[in-house]
Amino acid sequence: MSMLEIKDLKVNYGMIQAIKGISFHVEEGEVIALIGSNGAGKTTTLQTITGMLSPKEGAIMFEGKDITKVPGHEIVSMGMAHVPEGRRVFSRLTVFENLKLGAYTRKDKDEVDKTLETIYKSFPRLMERKNQLAGTLSGGEQQMLAMGRALMSKPKIVLMDEPSMGLSPILVQEIFRIIEEISSMGTTVLLVEQNAKKALSIADRAYVLETGNIVLEGNAQELLNDSSIKAAYLGE
C-alpha cells in the first residue's frame, strides 16, 4: 500500500479542466518531484490533495483511507502538511507565533516544545529571529518559516509548492539542503518545483505534468539525463 495514491484525478476551474485524469503514487520515505511548466496544474494538484480544492472525479488515498472529501483541517490531523506557494506566513505575528500555529492540531504540549527545539536546530535563523514579526523577514527566511510551520504538525508527509521561487542561488541551495534533511529524518516529501534540475537532483522519482496530464514518470536521475527533459525543463 502506497502512503499516498492519486487515482484518475480530474479538477475543474469553472469550465476549464485543469487536471485531466492523473494517477500517481508516493511511497513512505520517498522524495517525489512533480515538475512542469507554469500552468501545467502542479499547484492545483497539491491544493486538491490537501482539501483546498474539490475534484470533479477521482480519488485521493492516504495510508489506505479515502480522503477525497475530507476537509483540509482534518487532513492535517491525519499527518499531511502543505507548504503553500508564496509562503503565506502570518506577517503580523512573530516567528514563534507562526511556528506555534503550525502545531494547532496537536495536544501534546511537551512534544510540541520538543518539535520546536528540533525546528530551531534545523533553521537556526528562525531561532535568531523568533521574536521578530514574520512580515519583516527576508524572502528566504519567510520560506524557512513556512517550512518550519508545516513541520510543527509533525507530518508523515509534507507537500511543498515552489519552495525556491524568487530566492537567490545561495538560498536555493540552503532550502534544498533542508528538504534533504527533512527527508533524512523520515518525513516523506512531495515537491512541486520550477527548478527542475534541483528537484530531480534530490528526488527518488519524478512525474512530469503538462497541461493537466502526466506525460512522463520515472527514476529522477534517469529523467535528469533524459534529452527531452533537458531540452524542455533544464535549459540544456
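Student: In which strand is Thr188 found?

Tutor: Thr188 is found in strand β8, residues 188–192. Helices (H or I, at least four residues) and strands (E, at least two) are DSSP runs, numbered from the N terminus. This is a predicted model, in which local features need pLDDT of at least 70 and side-chain atom pairs count only at pLDDT 80 or more, while totals for chains, interfaces and linings use all residues. Residues are numbered from 1 along each chain as its sequence is written, and side-chain values use heavy atoms, with hydrogens and water left out.

Student: Is Thr188 buried or exposed?

Tutor: Buried means under 20% relative accessible area, exposed over 50%, and partly exposed in between (1.4 Å probe, protein chains only). Thr188 has a relative accessible area of 0% and is therefore buried.

Student: Which backbone atom does the side chain of Thr188 reach?

Tutor: A polar contact is a pair of N or O atoms within 3.5 Å; within protein, one must be able to donate a hydrogen and the other to accept it, and residues adjacent in sequence count only if both atoms are side-chain atoms. Here the side chain of Thr188 reaches the backbone nitrogen of Gly29 at 2.7 Å. For contact in general, the criterion is heavy atoms within 4.5 Å. Leaving aside neighbours within four places in sequence, the contacts of Thr188 include Val26, Gly29, Lys156 and Val158.

Student: What is the strand order in the open sheet of 4 strands?

Tutor: Two strands pair if DSSP finds at least two bridges between them. The order is β2-β1-β4-β5, with antiparallel pairing. Because β2 (16–26) and β5 (65–66) each have a single partner strand, they stand at the edges, and one side of each is left without a neighbour in the sheet. Strand β1 (residues 4–13) is joined to β2 by 8 bridges, and Lys10 stands opposite Lys20 in β2.

Student: Which helix packs on the sheet?

Tutor: Axes are lines fitted to C-alpha atoms, for helices over the stretch in contact, and angles run from 0 to 180 degrees between N-to-C directions. Helix α1 (residues 42–49) packs on the sheet, touching β1, β2 and β4 (57–62), and its direction makes about 115 degrees with that of β1.

Student: How are the faces of a strand to be read, and which residues of β6 are buried?

Tutor: In a regular strand the side chains alternate between the two faces of the sheet. In β6 (residues 80–83) both faces are covered: Met80 and His82 are buried on one side, Ala81 and Val83 on the other. Strand β6 runs parallel to β7 (residues 157–161), with 4 bridges joining them; Val83 stands opposite Met160 in β7.

Student: Which residues touch the most other members of the largest nonpolar core?

Tutor: A nonpolar core is a set of buried Ala, Val, Leu, Ile, Met, Phe, Trp, Tyr and Cys residues joined through side-chain atoms within 4.5 Å. The largest has 49 residues, and Leu99, Leu126, Met147 and Ile179 touch the most other members. Helix α7 (residues 169–184) gives the most to this core, with 7 residues. A second, separate core of 27 residues includes Ile19, Leu34, Ile67 and Leu190.

Student: How many aromatic pairs are there?

Tutor: Rings of Phe, Tyr and Trp (its six-membered ring) pair if their centres lie within 6.5 Å; planes under 30 degrees apart count as stacked, over 60 as edge-to-face and the rest as tilted. The count comes to 1 aromatic pair. The rings of Phe24 and Tyr207 have centres 5.2 Å apart and planes at 50 degrees, so the pair is tilted.
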